[in-house]
Amino acid sequence: MGIYKNTPEVEVRERRLHSTLFYNGDAQDLIDRSNRKELVCKRGYYGQCSDCSEGCAETQTLFIRDAAVVGHAPIGCSGGSSTQNIMARNVSVSRNGVLHSVKYISTNIQEKDTVYGAAEKLRGAILEADRRFSPKAIFIESSCASGIIGEDLESIASVTSDELGYPVIPVYCEGFKSRLWSTGFDSAYHALLRLVEPAREKKKDVVNVFGFNGSDTFSPLLSKLGLKTNYVAPLASVDDIKHISEAACNTQVCKTLSTYITAVMEEEYGVPEVNAPSPFGISWTDEWLREIAKLTGKEEIVEDVIESEHKRIAPEIERLKKLIAGKRVYVISGDSFCHNLGNILKDFDVKLIGFNALHHDAHPDKEGQKNTLEDLVRDNGNIQNVTVCNKQPYQLVKIIKRLNPDLVIVRHGQVSNAATRLGIPIIFEGDANYSCGYDGAVRMGKRIYEAIRTKKLVENISKHVEFPYTDWWMDEVEDPFVFEGK
Ligand code: SF4
């Protein structure tokens with residue numbers, strides 16, 4: 001059976017990928033239990049905070065340059081859009097100097113709309129988005145409220161698309177439908193796939209890079225093989241997305257983000273996925289370049305490129321190693337991105353003492369697709385202290401306190417202060433592209449050195465802050481997952 005189904009919605013991750021939200025053990029055991037399909041996605045006993053599929057969908061839709069987004073939702077669901085706007089403006093300027101601001105309208109669903117319907121409101125918001133932004137496409141994002149009342153987004157999209165003369169596409173990202181907010185990535189990509197057209201020509205030197213809104217670190221790397229980088233979807237145009245089927249191959253910043261679209265692009269359009277882990281750490285960057293070279297006819301030059309890159313960065317790697325080797329680092333991030341960040345550490349003989357993934361996908365979308373947890377164990381040995389917890393500070397604070405690392409690398413701002421409050425320095429990995437490639441590895445080494453030098457400052461901070469937890473929770477309870485599955 002094919003991966004892509006020509007239906008409005010993509011199946012949620014807990015059914016498609018048998019993803020889980022809770023785990024406590026080690027990396028090899030997690031791999032074994034995933035392979036035996038033993039993991040289940042239990043509902044948490046207590047959730048201190050959460051993200052939602054809608055926010056994950058917006059990491060793609062809000063950053064398409066000439067598209068607008070209509071959130072068919074109560075206004076509270078758009079709470080993250082201003083932060084997304086700050087990111088859009090920062091990254092767009094740093095990437096190519098052309099400022100991008102998000103183009104977003106909320107229908108602001110009210111209680112009475114959930115009784116009498118909100119179709120007219122949605123239609124009005126779509127027309128208002130057209131008037132304000134003159135977009136080339138509009139994405140309608142659903143929400144819990146519009147999902148519960150069963151709003152017929154397909155009909156409204158179809159009628160307004162005919163009127164406006166360009167695509168109006170629903171993105172089904174209701175928060176309540178999936179316990180895994182990463183399902184929102186798949187929802188956004190499923191919607192983007194409705195834009196994609198068959199290739200007019202094949203461009204042998206173009207590589208699609210599926211990723212987040214991040215700085216341009218892939219172009220310098222791929223240009224060494226004479227290849228062009230096509231970032232999808234953040235900061236691409238609607239027209240760029242229509243023609244992604246013309247690229248030579250697809251790669252990604254994070255397998256968790258793009259497992260679905262890369263599998264579908266191969267199945268539906270014959271664009272092969274780069275079968276290597278993402279280029280984080282020297283060994284994975286080598287592997288990634290070799291695989292891309294195979295798919296783009298650059299095999300003759302790739303070994304020279306790798307050799308000269310190794311030579312170029314070797315003095316800096318050695319210098320940094322002397323400063324940071326032996327440090328104990330803990331990583332908190334999304335599933336596959338944990339593995340990316342963890343794999344850089346061995347370049348400096350820094351010890352990965354454990355990591356917490358925000359969820360775990362038991363298997364990929366397509367058989368044979370890379371499993372970065374297996375790659376991490378292959379290259380680094382088994383990793384102890386592996387947990388899966390969806391960003392709950394009350395649990396993470398206990399885990400970090402027990403492990404007492406020299407440094408925490410954390411991808412999500414909401415949990416970074418847990419470490420700081422414990423007097424442990426952090427690196428906040430907000431820009432997902434920043435540490436990729438050979439230069440990214442060097443940057444990470446420098447940042448580890450800079451971060452551990454903040455130890456005295458964060459220890460001072462920790463003396464002046466209190467956690468809102470009882471001594472019973474902090475000191476007496478052994479298992480941070482004691483409530484789960486009960
Ligand atoms: S869609 Fe649902 S879960 Fe997501 S922000 Fe809105 S109400 Fe919350």
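Q: How do helix 13 and helix 16 stand to each other, parallel or oblique?
A: This is a predicted model, in which local features need pLDDT of at least 70 and side-chain atom pairs count only at pLDDT 80 or more, while totals for chains, interfaces and linings use all residues. Residues are numbered from 1 along each chain as its sequence is written, and side-chain values use heavy atoms, with hydrogens and water left out. The axes of helix 13 (residues 282-296) and helix 16 come within 11 Å and cross at roughly 125 degrees, where axes are lines fitted to C-alpha atoms, for helices over the stretch in contact, and angles run from 0 to 180 degrees between N-to-C directions. Because angles under 35 degrees count as roughly parallel, over 145 as roughly antiparallel, 65 to 115 as roughly perpendicular and the rest as oblique, helix 13 and helix 16 are oblique.

Q: Which residues of helix 16 meet helix 13?
A: Helices (H or I, at least four residues) and strands (E, at least two) are DSSP runs, numbered from the N terminus, and contact means heavy atoms within 4.5 Å. On the side of helix 13, the residues in contact are S283, W284 and E287. Their partners in helix 16 are T372, D375, L376, R378 and D379.

Q: How many residues of the contact of helix 13 with helix 16 are charged?
A: Asp, Glu, Lys and Arg count as charged, whereas Ala, Val, Leu, Ile, Met, Phe, Trp, Tyr, Cys and Pro count as nonpolar and the others, Gly among them, as polar. Sorted in this way, the contact of helix 13 with helix 16 has two nonpolar and two polar residues, and the number of charged ones is four.

Q: In which sense does helix 2 pass helix 16, left-handed or right-handed?
A: The axes of helix 2 (residues 27-35) and helix 16 (residues 372-380) come within 10 Å and cross at roughly 140 degrees. A crossing is left-handed if the near helix is turned anticlockwise from the far one by less than a right angle, and right-handed if clockwise. Helix 13 passes helix 16 in a right-handed crossing, whereas the crossing of helix 2 with helix 16 is left-handed.

Q: Which residues of helix 16 does helix 2 meet?
A: Helix 2 brings A27, Q28, L30, I31 and N35 to this contact. The residues on both sides divide into five nonpolar, two polar and one charged. Those that come from helix 16 are L373, E374 and V377.

Q: Which strands stand at the edges of the sheet of six strands?
A: This open sheet has the order 1-11-10-9-12-13 with mixed pairing, two strands being paired if DSSP finds at least two bridges between them. The twist averages 15 degrees from one strand to the next. Each edge strand has a single partner, so one side of it is left without a neighbour in the sheet, and these strands are strand 1 (23-25) and strand 13 (426-428).

Q: Which residue of strand 11 is the bridge partner of N356?
A: Strand 10 (residues 351-357) and strand 11 (residues 386-388) run parallel and are joined by three bridges. In strand 11, the partner of N356 is T387.

Q: Where is A233 found?
A: The peptide bond from V232 to A233 is cis, with omega near -5 degrees. A233 itself is found in the loop between strand 7 and helix 11 (238-242).

Q: In which sense do helix 6 and helix 8 cross, left-handed or right-handed?
A: The axes of helix 6 (residues 119-133) and helix 8 (residues 153-164) come within 11 Å and cross at roughly 35 degrees. By class, their contact has eight nonpolar, one polar and three charged residues. The crossing is right-handed.
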